[in-house]
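Please open the structure in the viewer and keep the selection panel at hand.

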Amino acid sequence: VKERVCTGILLEIIAGDASPLYEELINEGLINDEFSFEYFTGTGYSAVIFEGESHNPKKVAEKIKREIERLKTDGINKKLFSAVRCGMYGNAIRVFNSVEGIAMQFVDCAANGSGLFDEIKYLKSVTAEDVYKRLNLLENDKTVLSVINPKE
């Protein structure tokens with residue numbers, strides 16, 4: 001659970017709506033507001049996916065790689081880390097406002113072998129250093145760019 005929480009925070013720092021990279025990509029017209037990312041994992045595998053529409057996906061991929069390398073060199077901005085962590089904490093609490101949200105949490109807990117409040121516990125205690133350590137997951141030699149072009 002801690003690994004998922006740290007990776008979720010890291011992805012928000014890299015390319016979430018509040019990140020400098022997201023603002024740059026939007027301002028340059030390289031992505032639209034459908035741009036997203038996810039981290040999925042299971043027994044023996046994990047993957048990070050950045051996805052969306054772009055007229056220049058290679059440039060977007062290069063900018064994402066550059067941002068990851070910058071974070072490895074410069075470290076995690078503490079102010080952005082705090083804002084992202086607080087936002088994710090609020091979202092985790094908000095799930096408990098609906099029966100459907102609670103049911104989905106139970107399903108997720110059963111699938112992952114975790115407790116109902118584990119995510120909240122880690123969101124309260126995780127540090128920027130914990131998140132920085134997850135950067136090792138994102139190595140350039142393990143990346144793939146997949147592009148689906150529209151049929152002419």
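The stops below concern a predicted model and take up a helix contact and then a cavity.

**First stop: helix 4 and helix 6**

Select helix 4, residues 78-94, and then helix 6, residues 118-125. The axes of the two helices come within 10 Å and cross at roughly 160°. Because angles over 145 degrees count as roughly antiparallel, helix 4 is roughly antiparallel to helix 6. The crossing of helix 4 past helix 6 is left-handed.

**Second stop: the residues in contact**

Within helix 4, select Arg-85, Met-88, Tyr-89, Ala-92 and Ile-93; in helix 6 they meet Glu-119, Ile-120, Leu-123 and Lys-124. Which classes of residue make up this contact of helix 4 with helix 6? Six are nonpolar and three are charged, with no polar residues.

Over the whole structure, a search finds one cavity of 30 Å³ or more. The volume of the largest cavity is about 50 Å³. To display its lining, select Val-1, Arg-4, Gln-105, Asp-108, Cys-109, Ser-114, Gly-115, Leu-116, Asp-118 and Glu-119. Two elements each give two or more residues to this lining: helix 5 (99-112) and helix 6 (118-125). Helix 5 gives the most, with three residues. By class, the lining holds four charged, three polar and three nonpolar residues.

**Last stop: Glu-119**

Key:
Residues are numbered from 1 along each chain as its sequence is written. This is a predicted model: local features need pLDDT of at least 70, side-chain atom pairs count only at pLDDT 80 or more; totals for chains, interfaces and linings use all residues. Side-chain values use heavy atoms; hydrogens and water are left out. On a 1 Å grid over the protein atoms alone, a cavity is a set of points where a 1.4 Å probe fits but cannot get out, and a pocket is an open set with protein on both sides within 12 Å along at least five of seven lines; lining residues have an atom within 4 Å of a point. Grid points are joined across faces, edges and corners, and a volume is the space filled by probe spheres set on the points. Helices (H or I, at least four residues) and strands (E, at least two) are DSSP runs, numbered from the N terminus. Ala, Val, Leu, Ile, Met, Phe, Trp, Tyr, Cys and Pro count as nonpolar, Asp, Glu, Lys and Arg as charged, and the others, Gly among them, as polar. Axes are lines fitted to C-alpha atoms, for helices over the stretch in contact, and angles run from 0 to 180 degrees between N-to-C directions. Angles under 35 degrees count as roughly parallel, over 145 as roughly antiparallel, 65 to 115 as roughly perpendicular and the rest as oblique. A crossing is left-handed if the near helix is turned anticlockwise from the far one by less than a right angle, and right-handed if clockwise. Contact means heavy atoms within 4.5 Å.
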